[in-house]
Amino acid sequence: PQWRPGDDPQETLDEALAWAARSDRSGVLTILAAHGADLEADVYRGTALAWAAACGRTDAIHALVALGADPSGRSSFGGPEHGRDLTPLHLAAQGGRLEAITALLELGAARTATDALYDSTPEGWAQEFGQADAVALLRARQ
């Protein structure tokens with residue numbers, strides 16, 4: 001990703017949170033948050049919740065939202081032409097991560113949020129990436 005790490009201790013803590021989310025390490029997420037990790041930090045072009053959604057890490061999704069992360073929180077993701085101002089639900093839908101989609105919706109994620117690059121909803125992202133089951137799930141939750 002187009003992101004360069006720095007020497008700031010806060011950035012290191014936030015980076016650890018993003019990696020713990022990708023790895024579904026919910027216990028570690030709690031420890032890092034207790035030590036001041038920013039739940040909405042956008043390191044490696046994605047918040048911890050965005051990465052958890054992209055990887056289908058439902059335990060991390062639940063833990064992050066319980067800690068205070070916004071289930072519809074905005075994030076960048078991937079390269080500059082991939083994701084700007086998208087939600088975790090966009091990423092779960094793109095990857096066909098049905099359990100993550102269900103978890104995010106149950107936790108209050110906005111099904112109709114649009115991203116800043118393509119003005120598309122999570123359902124639109126699922127359609128674009130050929131995720132028919134994700135499209136059906138999102139439509140069933142209207």
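Colleague: What should I keep in mind about the origin of the coordinates?

Modeller: This is a predicted model.

Colleague: How many helices and strands does the protein chain have?

Modeller: The protein chain has eight helices and two strands. Along the sequence, the pattern is α-α-α-α-β-β-α-α-α-α.

Colleague: Which radius of gyration goes with the 142 residues?

Modeller: The radius of gyration is 14 Å, close to the 14 Å from the globule rule for 142 residues, so the chain is as compact as a globular protein of that length. The C-alpha trace spans about 40 × 30 × 20 Å along its principal axes.

Colleague: What percentage of the residues count as buried?

Modeller: Of the 142 residues, 49% count as buried. The accessible surface comes to about 6700 Å², and 48% of that belongs to carbon and sulfur atoms. As for contacts between residues at least 6 apart in sequence, 62% join residues at least 24 apart.

Colleague: And the charges: how many positive and negative side chains are there?

Modeller: There are 11 positive and 20 negative side chains, and the centres of the two sets lie 5 Å apart.

Colleague: Changing topic, how many aromatic pairs are there?

Modeller: The count comes to two aromatic pairs. In one of them, the ring centres of Trp51 and Phe77 lie 4.5 Å apart with the planes at 50°.

Colleague: Are Trp51 and Phe77 buried or exposed?

Modeller: Both Trp51 and Phe77 are buried. Trp125 and Phe129 also form a tilted aromatic pair, at 6.5 Å centre to centre and 40° between the planes. Trp125 is buried, with a relative accessible area of 4%, whereas Phe129 is partly exposed at 40%.

Colleague: Which residues of helix 6 are buried?

Modeller: In helix 6 (residues 98-106), the buried residues are Ala100, Ile101, Ala103, Leu104 and Leu105.

Colleague: What covers them?

Modeller: The cover over the buried residues of helix 6 includes helix 3, helix 4 (58-67), helix 5 (88-94) and helix 8 (132-140). Just after helix 6, Gly108 takes a positive phi of about 100°.

Colleague: Where is Leu39 found?

Modeller: Leu39 is in the loop between helix 2 (26-34) and helix 3. Its relative accessibility is 13%, and because buried means under 20%, Leu39 counts as buried.

Colleague: What is Leu39 in contact with?

Modeller: Apart from neighbours within four places in sequence, Leu39 is in contact with Leu17, Ala33, Thr47, Leu64, Leu67, Gly68 and Ala69. The C-alpha atoms of Leu39 and Gly73 are 9.8 Å apart, and these residues are 34 apart in sequence.

Colleague: Which value does phi of Asp24 take?

Modeller: Phi of Asp24 is near 60°, a positive value in a residue other than glycine. Asp24 is in the loop between helix 1 (9-22) and helix 2, and is partly exposed with a relative accessible area of 24%.

Colleague: And what about Asp85?

Modeller: Phi of Asp85 is near 55°, a positive value in a residue other than glycine. Asp85 lies in strand 2 (residues 83-86) and counts as partly exposed at 34% relative accessibility.

Conventions. Residues numbered from 1 in each chain as written. Predicted model: local features only at pLDDT ≥ 70, side-chain atom pairs only at ≥ 80, totals over all residues. Heavy atoms only, no water. Helix = DSSP H or I, 4+ residues; strand = E, 2+ residues; numbered from the N terminus. Rg over C-alpha atoms; globule rule 2.2 N^0.38 Å. Buried < 20%, exposed > 50% of the residue type's maximum accessible area, 1.4 Å probe, protein only. Contact = heavy atoms within 4.5 Å. Areas by Shrake-Rupley, 256 points an atom, 1.4 Å probe, with all protein chains shown as cover. Lys, Arg positive; Asp, Glu negative; His and termini not counted. Charge placed at Lys NZ, Arg CZ, Asp CG, Glu CD. Phe/Tyr/Trp six-rings, centres within 6.5 Å; stacked < 30°, edge-to-face > 60°.
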